[in-house]
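My entries follow in the order in which I checked them.

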Amino acid sequence: MSALLEIQNLRVTFNTRHGPVTALDSVSLQVNAGETLGVVGESGCGKSITALSVMGLIPSPPGRIAGGAIRLAGEDLTRVSEARMRALRGAEMAMIFQEPMTSLNPVFTVGDQIAEAIMLHQKVGHAQAFRDAVALLDRVGIPSPERRARDYPHQLSGGMRQRVMIAMAVSCRPKVLIADEPTTALDVTVQAQIFDLLNEIQRDFGAAIILITHDMGAISEMADRVAVMYAGRVIEQASADDVLDHPQHPYTRGLISCIPALGKGDTELREIPGVVPPLHMLGAGCAFAERCAHRFDRCDTEKPSLVDHGHHPAACHAVEEGRI
Amino acid sequence: MSASFLFRRLVYGLILMLGVVVLNFLLIRLAPGDPAMVIAGEMGGGDQALLDAIRTQYGLDRPLLTQLGIYLGNVLRGDLGQSYFFNQPVATLIGNRIGPTILLVLSAQVLSILLGVFLGVIAARKPNGALSGFVSVVATVGYAVPVFWTGIMLIILFASVFPIFPVEGMQSVRLRGAGFWVKAVDIAHHLVLPAFTLALIYLAQYARLSRASMLEVLGSDYIRTARAKGASERAVLFKHALRNASLPILTVAGLQFGNLISGALLVETVFNWPGMGRLAFESILRRDYPTILGVLFFASAMVVVANLLTDLSYRLADPRLRGKT
Amino acid sequence: MTEAVDFKPESPAREAWRMFRRNIPALAGVVVLTIIVAATLWGTFFYDGNPYRIVWAPHEAPGMTPDFPLGTDYLGRDIFAGLIAGGGPTLAVGAAAAAITMVIGVSLGALAGFYGGWIDNLLMRITEFFQVLPTLLFAMVLVTLFSPTLTTIALAIGIVSWPQTARLTRAEVMKIKELEYVTAARAIGARNRRIIWTVILPNAAPPLIVSATLTIGVAILFEAGLSFLGLGDPNTMSWGLMIGTNRAYILEAWWPVTFPGLAIFLTVFSVSLIGDGLNDAFNPKLRER
């Protein structure tokens, strides 16, 4: 039995001023119904490109899916027509974006924007769709939804807008829900509420959730399984508990040590030194080598592949050779 | 839309119009020569009785402020003076001519916006495509062609090569007694060339502007949201993007209105269109100042009204502005 | 590139010039405009013709007589001679009017933008008032009232055209006066006038130069429109006047109106190509649009 959504060896390239670059390189992920997959990494590591590839929203040109497959319930999304893709988008799979402030159209009421999503995929009139939209707003915890449905986005707070985005995304009960940094732009108390809401929605609708984040804290709260991405590749993949308790890759260890330890009076945020290298600068070796404390000569000449070295799969020569 | 906003815009419009009246008054006083002679125009050459009558009517022997008061009072009563050349009140003269001008200007405005925005939206889909290049070339050409010359070239073309549109006037003489619809079709037929000539300058500008504006909007997050919902490309372009991209287009449409009236002046002269521009041209040739200043007053009033309408529609189109004053 | 790498950053003006040099339409504009200006300045040395005198039969078609390459008009006057004689006043009035527009617009805009407050308020209300007056009509009124000479025409065009320049200058000045080097200049005790002249305006120059170029084009069209309506200086030949006087006979002879119109078009077109080129050169980032 295969997974609900299965990404196999996905390769995405972009034409840039520096020539073609590989934004995603043999990325393989899967997620089952009712499960939450956390995809974690710093910005520029390919998380969002992965999400947009699933939705078929890679800006093209300059982007292009150059290889691999994305199977939703067995159907390869890289091969279907644009019309079929439109029918799937919003209905079978939906996405919540990072910026609730700018992701809603400023000139339409939020009720109309949700109703539009409903009407695009169900044979209902505007009146019925709008009533459904109000019910959805109620479901995502927006007080006096009747009145709020007639509000424009600028009249709502950031947290409210993200609830609207969630209502819109789940309006057609999608099988897969992709949440791309859904709480990054919100303040901390609202973050927790949005996570609770996503969990509830998953319980009610049984959707698979792909949660994209740079925040290991969010992973520990939400994810069943985790894939860590770096420079367009998956470098570690396992259950959330395994990754959090026994991180293998030095990059994953770095990310975990960045979680601020609450209550310890330790306000200093630690960071991994250095930045993700630009994609056109990637060499023959491990992309993380520049920033890695365990770097040795093999790291500069050979790309490590994602292999189980005892505990769970990680792409690291140092782990393979037992150096860490 | 708040009533107080509307009220304040109206008052401001009235103040601007008051300014135009004062300007008219000053222009006549600042012109070299005897104001009475100026008002009388060419007719005032040797007619002492006429000059005396004008002096009494405008109180030209009284202090300047009193004169301004008299002038303002006259304008408020709808009296813009007397055209001594046409021998008619200026208000009546303009009343007969304002309709055709409004018809011409509005048709040109609608034509240029509809066609221009349509071209711009299509061009925005392929920012480096052939249509985009074409639009930007046409915009530069359209800006550089003198509008009266375009009109003349069209007349040459349609009078001798493709005689399918009338090249002169607004109505056919032979249809004097015809019914309403026959006349309406006839006027529309006459309108084609002048309206197109006038629209041509602005069409390309709107195309270029809406292309730029669409490109900016198409890169925004809510467009991605619309696509993620499964909206069709047409809905994305014409519903989600255009509604937002239309805001700068509206602003420019409002600002362009004054230039459009200036263009209409030339186009009316070229096509013998019986509007205010043609009237201005005729009265300037005759040095008929009361009529010229009357036209200036009414044309400015049209701009004020157009600006007011632009402000209102801007608020309707952008919900973020509603409720603000 | 030579092997010795020079890390000294290029000055903005040099960089703009480098961009401009590679812009083929803009260079074509420079060439065409140079030819037109040269023809109006020195054309009479090479082509001996009096534009006012009747020299041939009326409506001689172009190319029929080698002496009159572009034919004759309804009176039998030489059209090519008219083009050469008429370019000077058109270009001179256009340039002068653009200069007047820039002087009024930049001064008022800089004052409003720099001082803000009631000065800004007052100047902007005045600007809005002038924007209500339809430009060509207002210019017609001014020219008729104060008798049409080249000077009054240039003044009239300047007086009706400045509001847009003022708005642009104001916006630029408001943007620049918030920048750090203005604060720095204030900190060392520079006077306001000095700051406006030596710090703010030079930094606002690129968009103003572009706007000045485009203003020349608009002013030339303006002058052409006025002379077409018969409101030009009656004592000088001009392209607009040639179109205006021959307008009644267009169905008998197309050439007396076509060539002056083409001359106006080519002039304004090359001016605006140069303007677009300058704009691209000053804003390299916008070129990707």
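I count a salt bridge where a side-chain nitrogen of Lys or Arg lies within 4 Å of a carboxyl oxygen of Asp or Glu. The model is predicted, so I take local features only at pLDDT of at least 70 and side-chain atom pairs only at pLDDT 80 or more, while totals for chains, interfaces and linings use all residues. Residues are numbered from 1 along each chain as its sequence is written, chains are lettered from A in the order in which they are written, and side-chain values use heavy atoms, without hydrogens and water.

Interface, chain C and chain B. I found one salt bridge between them. Arg208(B) and Asp276(C) form a salt bridge through their side chains, at 4.0 Å from N to O. Contact (heavy atoms within 4.5 Å) involves 51 residues of chain B and 43 of chain C. I then sorted the chain C side: 30 residues are nonpolar, eight polar and five charged. Helix 10 of chain C gives the largest share of that side, eleven residues.

Cores. I searched for buried (under 20% relative accessible area, 1.4 Å probe, protein chains only) Ala, Val, Leu, Ile, Met, Phe, Trp, Tyr and Cys residues joined through side-chain atoms within 4.5 Å, a set called a nonpolar core. The largest has 148 residues, and Ile54(B) and Phe138(C) are among those with the most contacts inside it. Leaving out residues up to four places away in sequence, I noted that Ile54(B) touches residues including Leu60(B) and Tyr84(B). A second, separate core has 78 residues, including Val39(A) and Phe195(A).

How values were computed:
Buried < 20%, exposed > 50% of the residue type's maximum accessible area, 1.4 Å probe, protein only. Helix = DSSP H or I, 4+ residues; strand = E, 2+ residues; numbered from the N terminus. Nonpolar A, V, L, I, M, F, W, Y, C, P; charged D, E, K, R; others polar.
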